[in-house]
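The exercises below are to be worked through with the sequence and the 3D view side by side. Each task is followed by its solution.

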Amino acid sequence: MSDTLLFSNNKRSRSDDIEGGDAKKTLLSNNSASMLPIDPAVSLANARHEFGEHGGVNMSIEASATFTVMEPETMRRMFSGELGPDRDFFIYSRHFNPTVLNLSRLMAAMEGTEAAYCTSSGMAAISAVMLQLVSYGGHVVASRTLYGGTHALLTHFLPRTSNITTSFVDVTDLEMVKEAMVEGKTKVLFFESVSNPTLTVANIPELSKLAHQKGVTVVVDNTFAPIVISPVRLGADVVVHSISKFISGGADIIAGAVCGPASLVNSMMDLHQGAIMLLGPTMNPKVAFELSERIPHLALRMKEHCHRALVFATRLKNLGLKVVYPGLEDHPQHELLKSMANKDYGYGGLICIDMGTEERANWMMNHLQNYGQFGFMAVSLGYYETLMSCSGSSTSSELNSEEKELAGISPGLVRMSIGFIGTLEQKWTQLEKALTKLKEHELSNKN
């Protein structure tokens, strides 16, 4: 299959229907994905620009649910897999949609994978991948520090519906990970590149090496570090994203993506066995269009998120607060992230402040939002405003007390997704004043 056919904007002609030939079934985003530059921004710039139907600089939105053919015989050939989207043949938008496919190619370019396809949410992407790779009664090894929804999926939903069990491990303990994987039984090793919410950095090269020695597929959730880390280039097999976060940047869209080998993406879209095709977590093409307009400036946004996060983390530490941020030299995985990260993008846009108790955490967040205009108390991340949440009672509330303790989630842990609205010094002043007010409040209570 040629790139010309794959990225063609031209509608197929009647002769294409008749002379379809032996079109391949694979759906590659780039035939030389492994040769892409290390810088994801360069890869995105090198991706084919999709023009509009009438020559517009932006691509057209293909809002159709179903697609016509010129010859009756073509329908049979599409359903048999002989003709497909690589030749501009589309059946139904729950299968492949041209606009969603274009966004997916951008995601594949960013992550340096052969292919990708986008879904209606990040959890849809994770669920579909797990159900595609792990059959009934299968086994998964996963990090014990995960987003609460993912933890609930692995702990409760998959065991109940598919008898799929998960062994949770400390991914920084390579020996523990190795022992948990059972060759021939364990199908997936799942972890986050930077963990939610503790900001633990996974050693992707070493974890991937251990998994591959036992025939295990490595799936990495890279939601916290798009552009910053490229897991597949470090040895992982599959990358999943909640596009709703940094990639969207507007806190107005729910979306996800699966990036990986073309064989996996095609299997997930298979008419008979595909988890995306049959479970139907379809992305709206209008959403795909919106997101395709935001990805080109993702690298610029990530640089500013990361820059401000480093400045705030450094200053907060100097004030004597207990701060967790991989960009600080005292972070346990600082050197590891430095060795894995793509150059010049920083160390991530989130910081954690351990306030000790939930009461202190809530007082600070309340003051920052309602008096200091520093940010908003809200879950999620990657917004242009700073978002704050007490993880133990919000995004990690699906974990029980013991699981939170094992994951290192203390009651007063505040997760901050650092925004870039306003000036850095303006926002720092607001944050510093709130901390001063907290001290004054505590002193007055003692008296």
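**Exercise 1.** How many aromatic pairs does the count come to?

The model is predicted, so local features need pLDDT of at least 70 and side-chain atom pairs count only at pLDDT 80 or more, while totals for chains, interfaces and linings use all residues. Residues are numbered from 1 along each chain as its sequence is written, and side-chain values use heavy atoms, with hydrogens and water left out.

Start with the rule: rings of Phe, Tyr and Trp (its six-membered ring) pair if their centres lie within 6.5 Å, and planes under 30 degrees apart count as stacked, over 60 as edge-to-face and the rest as tilted. By this rule there are 5 aromatic pairs. One of them joins Phe 67 and Phe 90, whose ring centres are 5.6 Å apart with planes at 40°, so this pair is tilted.

**Exercise 2.** Describe the pair of Phe 312 and Phe 374.

The centres of these rings are 6.2 Å apart and the planes make 45°, which is a tilted arrangement. Phe 312 belongs to helix 13 (residues 298-318), whereas Phe 374 lies in the loop between helix 15 (358-370) and strand 10 (375-377), 62 residues apart. Phe 312 and Phe 374 are both buried, and together with Trp 428 they form one aromatic cluster.

**Exercise 3.** In which order do the strands of the open sheet run, and which are its edge strands?

Two strands pair if DSSP finds at least two bridges between them. The 7 strands of the open sheet follow the order 1-7-6-5-4-2-3, with mixed pairing. Strand 1 (115-119) and strand 3 (165-169) are the edge strands, each pairing on one side only. Within the sheet, strand 4 (residues 186-192) and strand 5 (residues 217-221) pair in the parallel sense over 5 bridges, and Leu 189 has Val 218 in strand 5 as its bridge partner.

Terms used
Helix = DSSP H or I, 4+ residues; strand = E, 2+ residues; numbered from the N terminus. Buried < 20%, exposed > 50% of the residue type's maximum accessible area, 1.4 Å probe, protein only.
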